[in-house]
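Take a walk through this model with the structure open beside you. We begin where the chains meet, then turn to single chains and single residues.

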Amino acid sequence: MWRYRRPRAVGRAIVLTALGAVLAATGACGSDGGSGSSGPVTIRFAWWGNPDRAEVTNKAVDLFEQRNPTIKVETSFAEFNAYFQKLATEIAGGAAPDVLQMDYRYVREYADRNTLADLNTGDSKVDTSGVTQQLLSGGTVGGKLYGIPPTQNTQVFSYDFAQWEKAGAAAPKENWTWADLQASAQKVSDSTQRKVAGVGDFGGIEDWFEVYLRQQGKTLYTPEGKLGYAAADVEKWWQMTDGLRRSGAATPAALTTKMDGSQQNDPVFQKKASSGFGYDSGFTPKTWELMGREFKLAPFPSDTGKIGQYAKPAMMFSIAQRSANKGAGAKLINFLINDPDAGKILGMSRGLPANAKLRDQVGAGLTGPPQVGFQYEQAVGPKLEAAPPPPPKGAGTVKSTFQRVYDDVIFERSSIPAAAQKFMTEAEKAIAAG
Amino acid sequence: MAQQTLDPDVEVRGPAGGRRRRAPYGERAGVALLFLSPWVLGALLLTVGPMLASLYLSFTDYDLFTSPTWIGLANYRDLFADDDRFLAAVWVTTRYVLISTPLKLAAALAVALLLNRASRAQGFYRSAFYAPSLLGASVAVALVWRVMFDADGVVDSALSAVGVHTGGWVSSPRYSLGVLIALSVWQFGAPMVIFLAGLKQVPPELYDAAAVDGAGWWRTLRSVTLPMLSPVIFFNLVLETIHAFQAFTAAFVVSGGRGGPIDSTLFYTLYLYLKGFNEFRMGYASAMAWVLVLVVAAVTGVLFRTARLWVFYAGER
């Protein structure tokens with residue numbers, strides 16, 4: 001008889017033990033959230049960027065851990081789009097990274113949803129005395145500071161000057177115009193039998209459209225958070241960029257449609273385009289190596305004499321509202337934006353340091369691509385305007401819609417006026433829903 | 001009962017055996033439930049619960065972060081009346097299901113017929129053809145696929161070498177869906193294995209009889225193999241149709257998570273994902289999920305209806 005019963009008893013015991021273990025595990029998770037300040041803590045720090053930015057960031061984090069032996073930092077990164085998809089899921093699931101990199105375009109969206117901590121009070125207070133008020137306002141929503149820009153950047157045109165010279169294309173000079181760009185890009189394309197386009201097609205990127213708008217005294221969003229332009233503006237912009245594509249001066253549709261902000265899908269990095277628009281916040285000592293040749297930088301072309309560019313918070317560091325270790329997170333942010341050694345390691349990898357005290361010191365020690373970036377910032381700095389207030393909810397969707405609808409234009413699926421109209425309809429809907 | 005008599009321990013137990021006989025079901029049900037509990041709990045907590053929650057959310061405006069607000073049928077109405085991309089996604093998915101499922105089943109059946117012959121290397125071939133299915137849902141395969149069909153990829157280079165210039169298939173609105181269909185067809189291993197098992201079940205005497213009657217290969221296939229195999233074909237058809245409706249990973253990876261170019265690979269599930277996690281419209285995404293559930297249920301129902309006309313169960317007629 002015992003031989004029959006025993007296996008069952010064992011089975012039950014196993015099930016009960018397993019259940020017990022599961023309950024214990026859930027219990028442990030539940031009580032974990034409250035503890036914090038004492039003893040060693042582990043915080044997570046996530047950002048978007050490419051591997052070269054990750055290399056210097058991890059170096060800076062190593063130094064931080066050395067100086068703060070009780071804090072361990074786990075880092076992770078992804079390219080822009082993937083980063084925000086993951087972040088949304090993590091925040092909604094209550095598993096947000098403690099310290100996260102936030103974008104100017106999304107800060108209102110996340111702040112309004114009460115997912116970010118105020119960096120001016122309590123545990124999460126960070127010393128911002130070195131950062132200009134103008135930049136801080138980019139992370140301020142409703143009087144609270146939800147993101148601190150570690151750096152400032154601005155829009156930039158970069159070109160492969162050796163190739164341009166070889167093609168006999170005129171280099172950008174003071175007050176150059178969109179027609180100048182078109183002429184030069186055409187020369188490069190012609191000289192390579194279109195194997196290398198003069199310029200990466202920039203028509204689908206809302207960021208560069210914004211500069212174009214500002215050159216004409218318009219803005220992407222009104223202070224009330226409505227669209228600051230009309231279908232006619234989009235139409236004019238796309239007429240110009242589509243003209244470049246049709247004449248071969250800009251990249252063909254198959255290349256353009258893949259642009260997603262990552263280096264591997266950027267025609268300039270693939271050597272399929274000899275110039276392109278971007279932000280000057282990605283320069284690391286490895287940049288030329290990754291691009292396979294050296295570049296020079298210039299401000300945007302303009303037909304109005306206004307360059308339309310502005311000093312933008314390149315990104316922000318934020319702390320998740322539900323982080324259990326806000327103090328440690330604030331310490332990390334403080335280190336990254338204010339420490340001279342961190343500044344030296346990070347260099348220009350996120351743009352020009354926002355901390356004015358670090359700026360000159362960082363600039364003095366630079367060589368190679370970061371130095372080129374720094375000199376560009378110095379040169380263009382006086383012409384930059386102040387950044388507009390953080391865009392309204394739904395702005396992220398508007399940006400991706402702009403690029404998606406532009407595909408209709410480059411694949412010649414619809415006329416430019418029809419595409420512009422379609423974009424406006426969807427954009428207004430996205431803003432209204434946000 | 002048969003098992004009990006085979007067990008010597010039970011034979012000698014006497015009183016305990018008697019007790020068991022009085023209440024056999026009660027005790028067994030307890031044991032059965034105990035052993036089932038991991039699956040029952042899993043189904044309730046991980047499937048039924050979330051499904052009901054999403055049904056509720058589909059009637060709300062929910063952005064993941066703040067609590068949902070009830071808006072009735074507005075999500076469903078917007079889907080059909082006010083969303084061109086939804087209709088585009090439906091059209092892409094419909095084409096994908098209609099093209100990839102028959103092709104995949106045909107490939108699976110053809111290879112299964114080839115492999116059904118006794119051969120020394122059969123084990124090897126079977127594994128080799130099954131391997132792609134094992135890798136099926138993986139991101140790695142989709143990435144490889146994307147690189148192969150990209151501009152300057154293997155396929156483009158090979159075609160260019162013989163004078164056909166197509167450019168990258170992945171970034172062409174005309175060919176991008178074809179790339180995904182090809183990927184799906186290539187992963188025919190799972191239905192193939194089921195077909196093989198089905199083929200082994202066909203009684204050899206039927207083939208002998210057909211041979212005696214002078215039936216050729218084609219005639220045997222049409223009059224013996226296919227009818228005898230029809231339950232298995234039906235099973236595979238239902239399964240693969242449902243899978244095709246749910247396709248996500250390949251489209252997500254190959255299009256870089258955007259369903260482009262020009263929404264040509266905007267699968268239903270991918271659009272659902274973008275609405276939920278890119279635009280934070282979880283209520284809307286939930287409504288989409290429920291529309292998909294209903295459509296899949298309806299299609300499956302129709303398939304079962306038609307089954308009466310063409311599925312033959314041995315012993316029925």
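Buried area is the accessible area (1.4 Å probe) that two parts lose on being put together, summed over both. For chain A and chain B it comes to about 2700 Å². Carbon and sulfur atoms carry 54% of that area. The contact (heavy atoms within 4.5 Å) draws 30 residues from chain A and 29 residues from chain B.

Some ground rules apply. This is a predicted model, in which local features need pLDDT of at least 70 and side-chain atom pairs count only at pLDDT 80 or more, while totals for chains, interfaces and linings use all residues; side-chain values use heavy atoms, with hydrogens and water left out. Residues are numbered from 1 along each chain as its sequence is written, and chains are lettered from A and ligands numbered from 1 in the order in which they are written.

Now look at the charged pairs across the interface. A salt bridge is a side-chain nitrogen of Lys or Arg within 4 Å of a carboxyl oxygen of Asp or Glu. The rule finds 2 of them between chain A and chain B. One joins Arg113(A) to Asp63(B), with N and O 2.7 Å apart. Arg113(A) comes from the loop between α4 (107-112) and α5 (133-136) of chain A, and Asp63(B) from the loop between β1 (60-61) and β2 (69-70) of chain B. Helices (H or I, at least four residues) and strands (E, at least two) are DSSP runs, numbered from the N terminus.

Arg113(A) counts as buried because its relative accessibility is 7%. Asp63(B) also counts as buried, at 11%.

Asp82(B) is partly exposed, with a relative accessible area of 39%. Lys429(A) is partly exposed too, at 38%.

Over all chains, the salt bridge count comes to 23. Follow one inside chain A: Asp408(A) meets Lys422(A) at 2.8 Å from N to O. Asp408(A) lies in helix α16 (residues 395-410) and Lys422(A) in helix α17 (residues 416-433), so the pair ties together parts that are 14 residues apart in sequence. Asp408(A) is buried, at 6% relative accessibility. Lys422(A) is partly exposed, at 35%.

Step back to chain A as a whole. Its C-alpha trace spans about 95 × 55 × 45 Å along the principal axes. The chain holds 17 helices and 12 strands. Of its 434 residues, 55% count as buried. Take the contacts between residues at least 6 apart in sequence: 77% of them join residues at least 24 apart. The chain exposes about 18300 Å², of which carbon and sulfur atoms supply 54%. Those accessible areas come from the Shrake-Rupley method with a 1.4 Å probe; for residues, only the protein chains shown count as cover.

Two backbone angles deserve a look. Most residues other than glycine have a negative phi. Asn175(A) has a positive phi, near 60°. Asn175(A) is found in the loop between α6 and α7 (178-191) of chain A and is exposed, at 61% relative accessible area. Gln193(A) has a positive phi of about 50°. Gln193(A) belongs to the loop between α7 and α8 (206-215) of chain A and counts as exposed, at 63%.

End in chain B, at Thr265(B). This residue is found in the loop between α14 (249-254) and α15 (268-278). Thr265(B) counts as buried because its relative accessibility is 2%. Leaving aside neighbours within four places in sequence, its contacts include Val92(B), Ser176(B), Leu180(B) and Leu270(B).

Technical notes
Buried means under 20% relative accessible area, exposed over 50%, partly exposed in between (1.4 Å probe, protein chains only).
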